[in-house]
Amino acid sequence: MERTPRSKNGQLTQGDRMAIEQQLRDCRPLPEIARGLGVAPSTVAREIKRNGVSSSPSFLSVETRNICLRREACSKRDVCGKGCLMPCPTCRTSMCNKVCPDFLPDQCPWLAKPPFACNGCHRRYGMGCGYEYRFYDGRMAHELAQKRKVESREGIDVTPEELEAMRSIVRPLIKKGQSPEVIWATRAGELPVSLSTFYRYVEMGVFGDIIGLDLPKKVRFKPRRRRADETPIPRHDLEGRAYKDFEALPDDEKMDAVEMDCVVGRRGEARAILTLLFRRFRFQLMLFLPKHNQEEVGKALDMVERLIGLREFKRLFGVILTDRGSEFLDYGAIEKSCMSRGSRCRVYYCDPMKSGQKGSCEKNHVELRKVIPKGSSFAKLTPAKLSVVCSHVNSYGRPQFGGASPLQLASQVVPAELLDGLSIGLVPVEEVMMKPGLIEL
């Protein structure tokens, strides 16, 4: 099915780049890849050549290879300084690739032709080839493209003459008390940049004799401050993973889906609880997150996969439904198996502001909040304490199951390795406690 890039100006999204990576693995020709993305083959070729990398964690490669162009005629010895007497070209560690000042990588002649990458090349297996690798990694390519976009916007985009002409117009009027808004409203045709760009240039100190104190509005407002540990959250294209796509799945797959969410403590605290609810029997796993971010969500799911293995993970967590919280938007990290190069699940996202589309998970949080009320501090929360909470909440009988508890039903389906690994056990009915005093917070 053909589709076009979803971002502005027809630019490739991370989803498009992940698709290119996968199809290069499958040895698809560039015209076929381009048709699938709805772009020209030259666009795909340019993307691969521009954003390729010499090494990638997504690809198995042989590093102990001498790939120097001069290796046949090289007579150097002990370049690494370890006292070795053998000629450097015969060294099994190929250390000279990294330490030799005369190292020059040998370029593969096949990389000058489509597909311009080693993703599907069989020559890199076994002992590896004698040339420098060139991989196309979708995630790394997207990061390179975003970095290039930011760098292209740095500096100023006017000539010295235009800058001086703008200063000669703006400076006298500002000294008379006129605001930049009025100046741009009356003389915009004579000025080479927009009002917002002018403010940015003032912030950068481009003009020298025009500073923030000269601007009447600028001195009234305090700039918004970002915490030192706060970094921008990468957001990705969710094409093919929307709730409408989830609704198109067969009824059995939707019923077996796992609803994923996060429970947070007091505002500003880093710790959180990742919850995974099995729709069919309302069993809800609770995993401790040291930080409320994408990386920790991926690590928590990796831990679950290692406990039960890839096959069981696919059986239990093959379809995951979650909201569009920033911690869940890196679907690549969620879907990628930590035990193989393939995927382990498929993630779908509720519509914006429609978290009720995973209502079972939200409703089950009511039971969790009986033990950990909303607004509680997670400062003293530990994985061991969370296991106690998870055991009691899931041992609490449910009327819709005739008084049976979710854990009783789940124990017939969920592997014992998962329950034992997370220290989740069935609590006798008379000992189940659903009050805040269950653990110390």
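The model is predicted, with local features requiring pLDDT of at least 70 and side-chain atom pairs counted only at pLDDT 80 or more, whereas totals for chains, interfaces and linings use all residues. Residues are numbered from 1 along each chain as its sequence is written, and side-chain values use heavy atoms, leaving out hydrogens and water.

**View A. Arginine 187 and glutamate 190 form a salt bridge.** The N to O distance between these side chains is 2.9 Å; a salt bridge requires a side-chain nitrogen of Lys or Arg within 4 Å of a carboxyl oxygen of Asp or Glu. Glutamate 190 is partly exposed at 45% relative accessibility.

**View B. A salt bridge joins arginine 28 to glutamate 32.** Their side chains meet at 3.8 Å, N to O. Arginine 28 is partly exposed, its relative accessible area being 39%. Glutamate 32 is also partly exposed, with a value of 30%.

**View C. Lysine 358 pairs with glutamate 362 in a salt bridge.** The closest N and O atoms lie 2.5 Å apart. Lysine 358 is buried, at 0% relative accessibility, whereas glutamate 362 is partly exposed, at 28%.

**View D. A network of salt bridges links Asp261, Asp323, Lys358 and Glu362.** The pair shown in View C, Lys358 and Glu362, belongs to this network. In total, the model contains 21 salt bridges by the stated rule.

Key:
Buried < 20%, exposed > 50% of the residue type's maximum accessible area, 1.4 Å probe, protein only.
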